[in-house]
Amino acid sequence: MRTKKIPKTHPRAESLRVREKVKEGYTEGIMVENGVIAHGRGEAFDYLLGELTIPEASKATKVAAAALLLANNPIISVNGNVATLAPKEVVKLAESVGAKIEVNLFHRTLGREIAIMKKMKTFGAKEVLGVGKAASLELKGLESSRRWVDPEGIMTADTVLAPLEDGDRTAALRKAGKTVITIDLNPLSRTAQTASITIVDNIVRAMPLIVEESTILRKIDKNDLKDMIKRFDNKVNLDKSLGYIANRLEKIASIRVNSQ
Ligand code: PTJ
């Protein structure tokens, strides 16, 4: 069902516009019901952040772009939410850093894999790995359908960008020696805490920023990029992200208390 046009002046216009995309992704069979629920959890955390890219997210975004540029075999893992909310940026980033694209689903069906592959191709992807029998190898230490990976892709990648991921696969990928970059609005999630580089931001804001950073950092000396990664501490950055939320809530609460 089509919704009425969202007024530009609505204070939550952007969030409502993204909801429309979510509805479309679900109707197209790309996003699954659980993905819609996961999006709701994301929205709640975005509300706490103030629906903007916080300084810690900008920092992690730069480091993520550097890691992708330095990787020998980078890959972008795409699920239903990612294909719904940032298909264009996934293709742009893959081109910019020379990464492959692989479909990897928690709620795996061949129909969804094909729908996601087609969507990515509509946005210019030349090749999409992990569809059907191509996902022929099992990632050790995982029980979910996410364990099925493409030998040409995730299995042999050294760096995996896996936005809106689940904790089990993040841990399994790390255990397999890979650098895992994630985008997750919840700084407390297992994925956020387990990844090598966590961008605590909404995927709709983070993906265009990584694309932009990758084009800037491409011109920078590789040793400087390596230094940037060495200096980054994901745990510290996550703690600061939590601190940002805590300070923001404290400020809002004290304003309310003082005006009573
Ligand atoms: O398409 P599938 O079958 O692979 O399923 C995808 C979902 C998202 C359903 C699956 O991966 C899942 O269940 O994920 P989780 O474990 O709910 O984790 C999703 C994480 O993404 C949560 O921590 C959310 O807070 C976060 N999140 C949700 N929406 C956004 C987000 N992070 C960034 N941007 C968002 N828009």
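In this predicted model, the backbone oxygen of Ile154 lies 3.1 Å from a polar atom of the Lys178 side chain. The backbone oxygen of Ala157 is 2.9 Å from a polar atom of that side chain. Both are polar contacts, a term for N or O atom pairs within 3.5 Å; within protein, one atom must be able to donate a hydrogen and the other to accept it, and residues adjacent in sequence count only if both atoms are side-chain atoms. Residues are numbered from 1 along each chain as its sequence is written. Because the model is predicted, local features need pLDDT of at least 70, side-chain atom pairs count only at pLDDT 80 or more, totals for chains, interfaces and linings use all residues, and side-chain values use heavy atoms, without hydrogens and water.

Lys178 sits in the loop between α7 (167-175) and β6 (179-183). Helices (H or I, at least four residues) and strands (E, at least two) are DSSP runs, numbered from the N terminus. Lys178 has 7% relative accessibility and therefore counts as buried. Buried means under 20% relative accessible area, exposed over 50%, and partly exposed in between (1.4 Å probe, protein chains only). Beyond four places in sequence, Lys178 touches residues including Met155, Asp158, Leu173 and Ser196. Contact here means heavy atoms within 4.5 Å.

Ser196 occupies the loop between α8 (190-194) and β7 (197-199). Its relative accessible area is 18%, so Ser196 is buried. The Ser196 side chain makes a polar contact with the side chain of Arg174 (3.3 Å). Lys178, Phe232 and Asn234 are among its other contacts beyond four places in sequence.

Lys126 lies in the loop between α6 (110-122) and β3 (137-138). At 72% relative accessibility, Lys126 is exposed. Outside four places in sequence, Lys126 is in contact with Glu95 and Lys121.

Two packed helices are described by the angle between their axes and the distance between the axes. Helices α5 (residues 87-97) and α9 (residues 203-217) pack at about 20 degrees, with axes 9 Å apart. Axes are lines fitted to C-alpha atoms, for helices over the stretch in contact, and angles run from 0 to 180 degrees between N-to-C directions. The two helices, α5 and α9, are therefore roughly parallel (under 35 degrees; over 145 is roughly antiparallel, 65 to 115 roughly perpendicular, the rest oblique). Residues of the contact include Leu93 of α5 and Ile210 of α9.
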